[in-house]
Amino acid sequence: MKMVDMIVVGAGAAGLIAAITSARAGQKIIVLEQNTKIGKKILVSGNGKCNIDNKYITTNRFHGQNPDFIKKVLEGYGVEIVENFFTSIGLELIEGKEGKMFPMSLQASSVVELLEYEAKRSGVEIICDGAVTSISKEADTFTVETSQGTKRCKKLLLASGSPAAPQLGGSNSGYAFATKMGHSLIPRHPSLVQLCSEEPWVKACAGVKVAGVAQLYANGEYITEKKGDLLFTNYGISGLAILDLSREVSTRLANFDYCELNMDLMPELSKEKLTNLLLSRIQEESEKPIVIWLQGVLNKKLISIILEQSKCKAKQENDLNRKEIGKLVYAIKNLKLSINDTKGFKGAEVATGGINTTEVNPQTMESERVSNLYFAGEILDVDGDRGGFNFHFAWVSGLRAGNSL
């Protein structure tokens, strides 16, 4: 049975870039992928356009229990390093909104196909349908049992991701192998995920999308807020602002905190301006029903809940006065929704937690507990904000592992 220099478990972003980097230096590499195709998460990212990175990389856009590790991994590996790599394989990048970087083709398939071509050109052997069933180490040799037979290597890179998006191959398998070899785990929770509510009114508002601000309260205490799309659904709420809040919500719910959103549906209008706008619309002699009158400023699906939460007593336009308008303004700018769950790992783009990074060398990505064992990407206790940050960490940690190998 042949021995190779390195086996990479996982043909995602981190695993592929590490394999290419090592193979370019003359290493004999096997990449094992449990799916039938490589890069499945890459293919669906950015709505198929692949938000490959972000121009504005700062440590505060990444999260984990060991911030010093994140700082050291990112140091010296800015977006230009990633861009240079992709240029070297023939992929040009362009900048979109908020510093998001995309392939010039705006096709995620371009990223995967160029990575695959470069890997094979560099001599990497890629084995799909190659689920790993066990890993053991004796002396200086790792033995990896797979659905495609037994493989042996001198060095092993676990880049098998997290349990997020199991429909794309996300699993806990890498954690099981790592813990068996002596590593500890930080608890995993869904992140960049939709939120669920048991309040019946959200179903009636399903499909309504507004540009707003969502504040998170846990056990009545203000935690944080995010601005962006709010999309009401039949299970709760989604949208970009919600995805950005979801990491905090997910960890709070895991601690059995009571979570509630306080939403401003018209953040571009101050309380005073919205009050004056609504007052200016009142025609004193009008008997127009309040539910019709409010359609001039609100989506009609939202009107019944605004009236309910505001406790507005006006039934028609000529019943309105400054006091009743004040109630409506408060409800529009403070719509409340209790959150009882998330859509789980199946709905999540990433997961919090993972391999405890105090046990990993940030310069080389090598285990501090098992020599010649390496980690890269989402398997580690590092997750990033929406907008290309998770990909950046995957590319950089993969590059570091590949260079050290």
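A polar contact is a pair of N or O atoms within 3.5 Å; within protein, one atom must be able to donate a hydrogen and the other to accept it, and residues adjacent in sequence count only if both atoms are side-chain atoms. The model is predicted, so local features need pLDDT of at least 70 and side-chain atom pairs count only at pLDDT 80 or more, while totals for chains, interfaces and linings use all residues. Residues are numbered from 1 along each chain as its sequence is written, and side-chain values use heavy atoms, with hydrogens and water left out.

**Exercise 1. Describe the surroundings of Glu33.**

Step 1. Locate the residue. Glu33 lies in the loop between β2 (29-32) and α2. Helices (H or I, at least four residues) and strands (E, at least two) are DSSP runs, numbered from the N terminus.

Step 2. Classify its accessibility. Buried means under 20% relative accessible area, exposed over 50%, and partly exposed in between (1.4 Å probe, protein chains only). Glu33 counts as buried because its relative accessibility is 8%.

Step 3. List the polar contacts of the side chain. A polar atom of the Glu33 side chain lies 2.9 Å from the backbone nitrogen of Asn35. The Glu33 side chain also reaches the backbone nitrogen of Ala11, at 2.8 Å.

Step 4. List the neighbours. Contact means heavy atoms within 4.5 Å. Not counting residues up to four places away in sequence, Glu33 touches Gly10, Ala11, Gly12, Ile38, Ile127, Cys128, Asp129, Gly130 and Ala131.

Step 5. Glu33 and Thr59 are 26 residues apart in sequence, and their C-alpha atoms are 30 Å apart.

**Exercise 2. Determine whether Ser197 is buried or exposed, and what its side chain reaches.**

Step 1. Ser197 is found in the loop between β13 (195-196) and α7 (201-204).

Step 2. Ser197 is buried because its relative accessible area is 10%.

Step 3. The side chain of Ser197 reaches two backbone atoms: the nitrogen of Glu199 at 3.1 Å and the oxygen of Ser338 at 2.7 Å.

Step 4. Beyond residues up to four places away in sequence, Ser197 touches Tyr235, Gly236, Leu337, Ser338, Ile339 and Asn340.

**Exercise 3. State how many salt bridges the structure holds, and examine three of them.**

Step 1. A salt bridge is a side-chain nitrogen of Lys or Arg within 4 Å of a carboxyl oxygen of Asp or Glu. The structure holds 18 salt bridges.

Step 2. Take Lys154 and Asp5, whose side chains meet in a salt bridge (3.8 Å, N to O). This pair links distant parts of the chain, with Lys154 in strand β10 (residues 149-158) and Asp5 in strand β1 (residues 3-9), 149 residues apart. Lys154 is partly exposed, at a relative accessible area of 44%, whereas Asp5 is buried, at 17%.

Step 3. Take Asp68 and Lys72, whose salt bridge spans 3.1 Å, N to O. Both residues lie in helix α3 (residues 67-74), four residues apart, about one turn of the helix. Asp68 is partly exposed at 41% relative accessible area, and Lys72 is partly exposed at 34%.

Step 4. Take Glu248 and Arg252, which form a salt bridge with their closest N and O atoms 3.1 Å apart. Glu248 and Arg252 are separated by about one helical turn because they stand four residues apart in helix α8 (residues 240-254). An α-helix has 3.6 residues a turn, so residues three or four places apart point the same way. Glu248 is partly exposed at 28% relative accessible area, and Arg252 is partly exposed at 24%.

**Exercise 4. Characterise helix α5 and what covers its buried residues.**

Step 1. Helix α5 (residues 108-121) has 14 residues and reaches 20 Å from its first C-alpha to its last, close to the 20 Å expected at 1.5 Å a residue. The expected span is 1.5 Å times one less than the number of residues.

Step 2. The buried residues of α5 include Ala108, Val111, Leu115 and Glu118.

Step 3. The elements that cover these buried residues include α1 (13-24), α4 (79-88), β7 (125-127) and α14 (389-404).

Step 4. After α5 comes Gly123, whose phi is positive, near 100°.

**Exercise 5. Give the strand order of the open sheet of three strands.**

Step 1. The order is β3-β6-β5, with antiparallel pairing. Two strands pair if DSSP finds at least two bridges between them.

Step 2. β3 (53-54) and β5 (93-95) stand at the edges, each with a single partner strand, so one side of each has no neighbour in the sheet.

Step 3. β3 pairs with strand β6 (residues 100-103) in the antiparallel sense over two bridges. The bridge partner of Asn54 in β6 is Lys100.
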